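Please keep the structure open while reading.

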Amino acid sequence: MRRSVLGSIALIGAVALTAVGCASGGGGAGAGGDGGGGELVTVGFAQTGSESGWRSANTESMQEAFSEENGFELIFNAADNDPAAQISAVRDFISRGVEAIVIAPIVEDGWDDVLQEASDAGIPVILEDRTVSAPEDLYASWVGLDFKKEGVMAGEWAAEEFGDTPTKMVVLEGTTGSAPANDRAEGFAEAIEGTAIETIDSQTGDFTRDGGKTVMEGFLQKYGVDGIDLLYAHNDDMALGAIEAIEAAGGVPGEDIKIVSIDAVKDGMQALVDGKINFIVECNPLLGELAAGLVTDVLAGETVEKTYYVEDQTFTQEQAAAVIDSRPY
Ligand code: GYE
C-alpha cells in the first residue's frame, strides 16, 4: 500500500513539473526532444476498445491529456477487444514513426515481439491501465491500478458479510487473459479463503453489460434466483447487465442476490445508491495526465520508475450516496 501512495505522489510531482515546463516554453511540446519550436509530439495510443463505462472515462481522460493544447498529436486506435488487431495497431504506429506509443493492453500475453520491434525502432512505450507479461526492459513505464488489491478488497467485504454462512457465489469474470480479470480473481480468492463462500460457477462476460446479462441469464436458468446468494462481478457494467437479468427472472438484485463489483463508474454508483449493488471497489480511470507526464519525461530523457500505482477506495451504499454527485465519471 505504501508503495502505491509513494508511486502516485512521485508521479504527480513529475506531472506538475512537466506542466510548468510547457507553460514557460511558450506552449510548445517541450518534451519532444527534437528542438521543439512549438512542434507537436506525435503519440500513438492503442486503446482496448469501448467495452465499458470505465473505458469511456479512460479514453476521455487520455484524449484530454494528449491534446494539441498540451503539445501532442494523438493517433487514437480502439481495437474492439481484439488482441491481434491491437498488436497490428501498434505495428502501424511503429511504421508511421510516432515519437512514443501508449498501450492499454487487452491481454497480458503476446507482447514480446511487437515491444521488441518498438524498442529496435527507438520508440519508447508507456503502458497504461493493464499490465503485460513481457520483460520489463521492453517498455519504459506503466501506470495503473492494483487489480489484485481491488480483488482483495471486494473479497474482504464478502468475507465480512457472509463469513461462516454457507453462501453460493457466481462470478462474472472480465476479459479472459486480461490483467484485471486474472488479478481480481486471485485477490478475491485469497480474501475469502477459509470462509463458507462457495463458487458454484464462474464465466467471462468480457467486461460488457451485454456479456454480463447473457452469462447471468444462463446462471439463473441453471440455479434459479434461490440457488444464488452472491454475485462477484469483475466490473460494474457486467453487474448492471446481471441486474437486468435478475429483475427479468423475478428476483430483487441487492436483496435476493447480493452483488459486489469493481470500478465505481456513475451507473454502478447509482445502482449502489439504489440498493441494487451492495458494495463497490473503485478503479480510477483518470490516468491521462499521468500517462502524458510519463511520455514527456521519458522523451526528455528523465529517469522514471517502472510502475506507478494509483490509489483506489471502496464504497458502501451510504458512502456512494454522499459522493455520487461530485464524482467526475
Ligand atoms: O475495470 C473494466 C474495463 O482494465 C481496469 O477494463 C480496466 C478494466 C475495467 O473494461 O471496466
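## Terms and model

A residue is buried under 20% relative accessible area, exposed over 50%, and partly exposed in between, with a 1.4 Å probe and protein chains only. This is a predicted model, in which local features need pLDDT of at least 70, side-chain atom pairs count only at pLDDT 80 or more, and totals for chains, interfaces and linings use all residues. Residues are numbered from 1 along each chain as its sequence is written, and side-chain values use heavy atoms, without hydrogens and water.

Most residues other than glycine have a negative phi. Asp-129 is not a glycine, yet its phi is positive, about 70°. Asp-129 sits in the loop between strand E4 (125-128) and strand E5 (141-145). Helices (H or I, at least four residues) and strands (E, at least two) are DSSP runs, numbered from the N terminus. Asp-129 has 2% relative accessibility, so it counts as buried.

Asp-80 also has a positive phi, near 55°. Its loop runs between strand E2 (72-78) and helix H3 (83-96). Is Asp-80 buried or exposed? Its relative accessibility is 65%, so Asp-80 counts as exposed.

## Cavities

A search of the whole structure gives two cavities of 30 Å³ or more. A cavity is a set of points on a 1 Å grid over the protein atoms alone, where a 1.4 Å probe fits but cannot get out; lining residues have an atom within 4 Å of a point. Points are joined across faces, edges and corners, and a volume is the space filled by probe spheres set on them.

The largest cavity has a volume of about 90 Å³. Its lining has 13 residues; closest to the centre are Trp-54, Arg-55, Arg-130, Arg-184 and Phe-207. Helix H2 (53-65) and helix H6 (179-192) each give two or more residues to this lining. The lining divides into five nonpolar residues (Ala, Val, Leu, Ile, Met, Phe, Trp, Tyr, Cys and Pro count as such), six charged (Asp, Glu, Lys and Arg) and two polar (the others, Gly among them). Domain 1 (2-145 + 284-312) and domain 2 (147-282) both contribute to the lining, so the largest cavity lies between them. These bounds come from an automatic or database domain assignment.

## Helix H9

In helix H9 (residues 266-273), the buried residues are Gly-268, Met-269, Ala-271 and Leu-272. They cover an arc of only 160° around the axis, so they are on the same side of H9. The arc is taken from the directions from the helix axis to the C-beta atoms.

The buried residues of H9 pack against helix H8 (236-248), strand E10 (279-282), strand E12 (314-315) and helix H11 (317-323). Contact means heavy atoms within 4.5 Å. Gly-275 follows H9, with a positive phi near 85°.

How values were computed: 1 Å grid on protein atoms, 1.4 Å probe; cavity = no way out; pocket = protein on both sides within 12 Å on 5 of 7 lines; lining within 4 Å.
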